Amino acid sequence: MNGTDFSEQSPIIALHRVWKYYDLGENRISALRGVDLRIERGEFVAIWGPSGSGKSTLCNLIGLIDDASEGEIHLGGREITELSDDRRSEFRNKTIGIVFQHFNLIPVLSALENVMLPLQIQGVPAGDAAGKATAWMVEVGLGDCAGQRPDKLSGGQRQRVAIARAMVTDPFLVIADEPTANLDSENAGKIIDLMREINRMKGTTFIFSTHDQRLLARVQRQVRLQDGTIVEDKRLQSN
Ligand SMILES: Nc1ncnc2c1ncn2[C@@H]1O[C@H](COP(=O)(O)OP(=O)(O)OP(=O)(O)O)[C@@H](O)[C@H]1O
Ligand SMILES: [Mg+2]
C-alpha cells in the first residue's frame, strides 16, 4: 500500500467537530461551526443551503483546497491535517477530482489536452494520457469535440470536459462546488445525471454543492447547511 491509498474499511470522508474561521481585522466570521459529517464510499451527496451557509467552505476543506481552523478531517481513514503541504497536494492529485463552477479549463488547450493535463502532471506518457482522455471524452458524450478549444463549446459541454478532466486520474472522490450555477436548468439536470451515471458505473463518491432545490430530486443524500451548521441530513431510498 502506498501513501495515497485509501483504506477500504474507513468512510471516505469523516469530519469531526470541524470549524472554519475567517478573521477580518477585529471580526471573526465562523463559516463552519462544529460540523460532523461521515460519507461512505460510493455515495452521491448534495450539499445545499442558502448563500453564505458554508457550502464552498465545506467543499474547499474536503477537497484539500483549504485548511480547517479546528477539528479533524479524515479522508479514506487518513487524518489530513497531519500531512505536509507537499504530501497533501500529492494526495489530492491522486485521489480527488475537482469540478468548478466556472469550469476552469485552460483556453489555449483543446478539450482533449485539458483532459490529458492531470495525467501529464502525474508523469503519464503523452500517448497513454491521450488514450485515457479520449475514452473519457467519449464517456461524457463529447467524442466529436476533442480538438475544440473551450471557447467553441457551450457551458454544458465545458462542464462535461471538466468532469472528464476530474475523472481521468480515476479518483476515489469528486467534489464539485456549484457545478451547475452557470448552466440553464436543462443542462444543469443533465450534468447532475452524468455525474450520477459515473457514480453508478465506477463507484466514485460524488459530493456537489448547490442552491438549486430542483436538483435535489436526483441525489441519494441531501445535506443541508445553514449558518455553518448541518441542519438536515436526508437519505432518499428511491434514488
Ligand atoms: N475568504 C473569505 N474571507 C472571509 N470570509 C469568507 C471567506 N470565504 C467565505 N467567507 C464567509 O464565510 C461564510 C460562508 O461562505 P461560503 O462561501 O462557504 O458560503 P456558500 O454557502 O458557498 O455561499 P454561496 O451560495 O454564495 O456560494 C460567509 O459568511 C462568507 O462571507
Ligand atoms: Mg459557494
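Student: What makes β6 and strand β7 (residues 173-177) a pair?
Tutor: DSSP has to find at least two bridges between two strands before they count as paired, and β6 and β7 have 4, in the parallel sense. Across the two strands, Ile-96 stands opposite Leu-173 in β7. Strands here are DSSP runs of E with at least two residues, helices are runs of H or I with at least four, and both are numbered from the N terminus.

Tutor: One caution: this is a predicted model, where local features need pLDDT of at least 70 and side-chain atom pairs count only at pLDDT 80 or more, while totals for chains, interfaces and linings use all residues. Residues are numbered from 1 along each chain as its sequence is written, with chains lettered from A and ligands numbered from 1 in the order written.

Student: Which strands are the edge strands in the open sheet of 6 strands?
Tutor: The order there is β6-β7-β8-β3-β9-β10, with mixed pairing. β6 (96-99) and β10 (229-235) each pair on one side only, which puts them at the edges. Ignoring direction, neighbouring strands are turned by 15° against each other on average.

Student: What packs on that sheet?
Tutor: α1 does, touching β3 (44-48), β7, β8 (205-210) and β9 (221-226), and its direction makes about 155° with that of β7. Touching means C-beta atoms, placed from the backbone, within 7 Å. α5 lies across β6 and β7, running at about 165° to β6.

Student: Why are β2 and β5 said to stand at the edges of their sheet?
Tutor: That open sheet has 4 strands in the order β2-β1-β4-β5, paired antiparallel. β2 and β5 (78-79) each have a single partner strand, so one side of each has no neighbour in the sheet. Inside the order, β1 and strand β4 (residues 70-75) pair over 5 bridges in the antiparallel sense.

Student: How do you know which way α3 and α5 run relative to each other?
Tutor: Helix α3 (residues 111-121) and helix α5 (residues 155-167) pack at about 25°, with axes 7 Å apart. Axes are lines fitted to C-alpha atoms over the stretch in contact, and angles run from 0 to 180 degrees between N-to-C directions. Under 35 degrees is roughly parallel, over 145 roughly antiparallel, 65 to 115 roughly perpendicular, and the rest oblique. The two helices are therefore roughly parallel. The contact uses Ala-111, Asn-114, Val-115, Leu-117 and Pro-118 of α3, with Val-161, Ala-164 and Arg-165 of α5.

Student: How many residues surround ligand 1, and which are the closest?
Tutor: There are 13, the closest being Tyr-22, Ala-31, Ser-51, Ser-56 and Thr-57. A residue qualifies if its C-beta atom, placed from the backbone, lies within 6 Å. The shell has 4 nonpolar, 8 polar and 1 charged residues. β1 (13-24), β2 (27-39) and α1 (55-62) each supply at least two, and α1 gives the largest share, 3 residues.

Key:
Ala, Val, Leu, Ile, Met, Phe, Trp, Tyr, Cys and Pro count as nonpolar, Asp, Glu, Lys and Arg as charged, and the others, Gly among them, as polar. Two residues are in contact if their C-beta atoms, placed from the backbone, lie within 7 Å.
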